[in-house]
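Student: I am new to this structure and would like to learn how to read it. Please take me through it one feature at a time.

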Amino acid sequence: VSEAVAGSKGRSILQEEKLTSLLAAVLKTKKPVALVATKCDEMNETLLRQAHHFAHTRKITAPLIETSAETSVNIDLAFQLVVQMVESKGQYRVKISTYAEGSLLYIDQVAQAERRFLSLIKSSSSDSCLLLSWREFKEAHSQDEDFKRFLELKGRHRARQKFNQQA
């Protein structure tokens, strides 16, 4: 149910009916299906409850994953789940976390990656008495796992900002 029709009962029901018929057709093909709730960072509890209610009342066997592309929460989980379902004919072993759980995990991962990245910067500056430029630092550490992880989570621009703050 989209936010645009959440307040309109008639349109919301029509949208649910279309989604139900679409899911019924997909489920008949025996293909793995996962429902993905997006924009959970906006925390519209009403829409999220409606999505969970829809999944449970329609007796849909598809898991529901709460995600946010904006904050990168549970995006990897959604893809891991689909891959597992494809590889094992609809079965999955991944624990499906809520957006709130995924968000806390993401915050922890970012904090850990940032600590390691800052440690890498400090060790580079203490190893060589000369202060490296961003370009030299990037080239020297491009294969380092801590460097790559921070870039993956926060991006090149944020990494360069952190480097310049420490330099």
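**Reading the model**

Tutor: Ala-100 has its place in helix H5, where helices (H or I, at least four residues) and strands (E, at least two) are DSSP runs, numbered from the N terminus. The model is predicted, so local features need pLDDT of at least 70 and side-chain atom pairs count only at pLDDT 80 or more, while totals for chains, interfaces and linings use all residues. Residues are numbered from 1 along each chain as its sequence is written, and side-chain values use heavy atoms, with hydrogens and water left out.

Student: Is Ala-100 buried, partly exposed or exposed?

Tutor: Buried means under 20% relative accessible area, exposed over 50%, and partly exposed in between (1.4 Å probe, protein chains only). Ala-100 has a relative accessible area of 44%, so Ala-100 is partly exposed.

Student: How far apart are Ala-100 and Asn-74 in sequence and in space?

Tutor: They are 26 residues apart in sequence and 9.9 Å apart in space, C-alpha to C-alpha. Asn-74 is in the loop between S2 and H4 and is buried, because its relative accessible area is 10%. Asn-74 is not a glycine, yet has a positive phi of about 65°.

Student: What is the phi of Ser-72, and where is Ser-72 found?

Tutor: Ser-72 has a positive phi of about 60°, although it is not a glycine. Ser-72 is found in the loop between S2 and H4. With a relative accessible area of 40%, Ser-72 is partly exposed.

Student: How do I read a pocket?

Tutor: Rolling a probe the size of a water molecule over the atoms shows where empty space is left. On a 1 Å grid over the protein atoms alone, a pocket is an open set of points where a 1.4 Å probe fits, with protein on both sides within 12 Å along at least five of seven lines; lining residues have an atom within 4 Å of a point. Here the second largest pocket is lined by 15 residues, and among those nearest its centre are Ser-72 and Asn-74. H4, helix H5 (99-127) and H7 are the elements that give two or more residues to this lining.

Student: What caps the N-terminal end of H7?

Tutor: Asp-144 does: a side-chain oxygen lies 2.8 Å from the backbone nitrogen of Asp-146.

Student: Where is the kink in H7 centred?

Tutor: The bend at a residue is the angle between axes fitted to the seven residues ending there and the seven starting there. In H7 the kink is about 110° and is centred on Gly-155.

Terms used
A polar contact is a pair of N or O atoms within 3.5 Å; within protein, one must be able to donate a hydrogen and the other to accept it, and residues adjacent in sequence count only if both atoms are side-chain atoms.
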